[in-house]
Amino acid sequence: MGEKRLFHSVAEQITDLIKDGVFPVGARLPGERELAERFGVSRVTIREAEIALQAIGRIEIKTGSGVYVSEKQPSDDSQLPDVSAFELTEARSLFEAEAAALAAQNISDEDIAKLGRFIKEMGSKDEDISTQADQQFHITIAEASGNAAIVHTIKTLWRMREELPDVKAAYESVCELDTSTRTNEHQDIYDALATRNPLAARQAMHSHFRRLIEAMLDATEKLALEEVQQRANESRERFLSPAKIG
């Protein structure tokens, strides 16, 4: 279980070294033993990381010759789709609920302890600290699922939450108003994971996002009513003013 999650971290570190030019394009990577010593992991973990990197075209494994940095590196597609906060939250509910169910079967005591610390930090009055703790809570669960594809997907969904201006604004508008509710919901998720209950973990995550969507709908409705009221007031001022009538 730990090894399965660990190879993904090692693959990311090797990728960073390739991007930084430590391992240049076309260069031969150090052997498994040297890399294992460098990252403090087993040779099996290095082998799994290299297989994962070869699958995305980052490196080439040449039997009898070694492992080489690919001449043509995969492009980093940083373009995010234009989605609404509702679309994003719907997607997060689908992916993160299943990630939580998987994590409940695999999660370590160390990760459980980390989740507990993140919940405490969510109560911070500093919005940056609170949001960071929220993010790390969800990413830790994704990583505990032991599935690198799920980790990548959920990290990308978090990028949308933080980098799409309208989405970020929508989340901030509701998160600022319900700190205690948000903390309680994360506690429910934590409790389900701590008892290794996949069904409860899935349900707790679904409930968290369902309530978030409801809060967004309430905020949207309130904003729409305020806009209607504003337009009505402007019309009264324009058409019913004594100066206009007289």
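Student: Which residue forms a salt bridge with E32, and how far apart are the closest N and O atoms?

Tutor: First, the ground rules. This is a predicted model, where local features need pLDDT of at least 70, side-chain atom pairs count only at pLDDT 80 or more, and totals for chains, interfaces and linings use all residues. Residues are numbered from 1 along each chain as its sequence is written, and side-chain values use heavy atoms, with hydrogens and water left out.

Now the pair. E32 forms a salt bridge with R43, and the closest N and O atoms are 3.7 Å apart. E32 lies in helix 2 (residues 32–39) and R43 in helix 3 (residues 43–55), so the bridge ties together parts 11 residues apart in sequence. A salt bridge here is a side-chain nitrogen of Lys or Arg within 4 Å of a carboxyl oxygen of Asp or Glu. Helices are DSSP runs (H or I, at least four residues), numbered from the N terminus. R43 is partly exposed, at 39% relative accessible area. Buried means under 20%, exposed over 50%, and partly exposed in between (1.4 Å probe, protein chains only).

Next, D134 and R182. Their side chains meet in a salt bridge at 3.5 Å, N to O. D134 sits in helix 6 (residues 127–144) and R182 in helix 9 (residues 179–194), 48 residues apart. D134 is buried at 5% relative accessibility. R182 is buried too, at 2%.

Then helix 8 (residues 165–175), which holds both E172 and K168, 4 residues apart, about one turn. Their salt bridge has its closest N and O atoms 3.4 Å apart. E172 is partly exposed at 29%, and K168 at 26%.

Across the whole structure, a search finds 13 salt bridges.

Note on methods:
Helix = DSSP H or I, 4+ residues; strand = E, 2+ residues; numbered from the N terminus.
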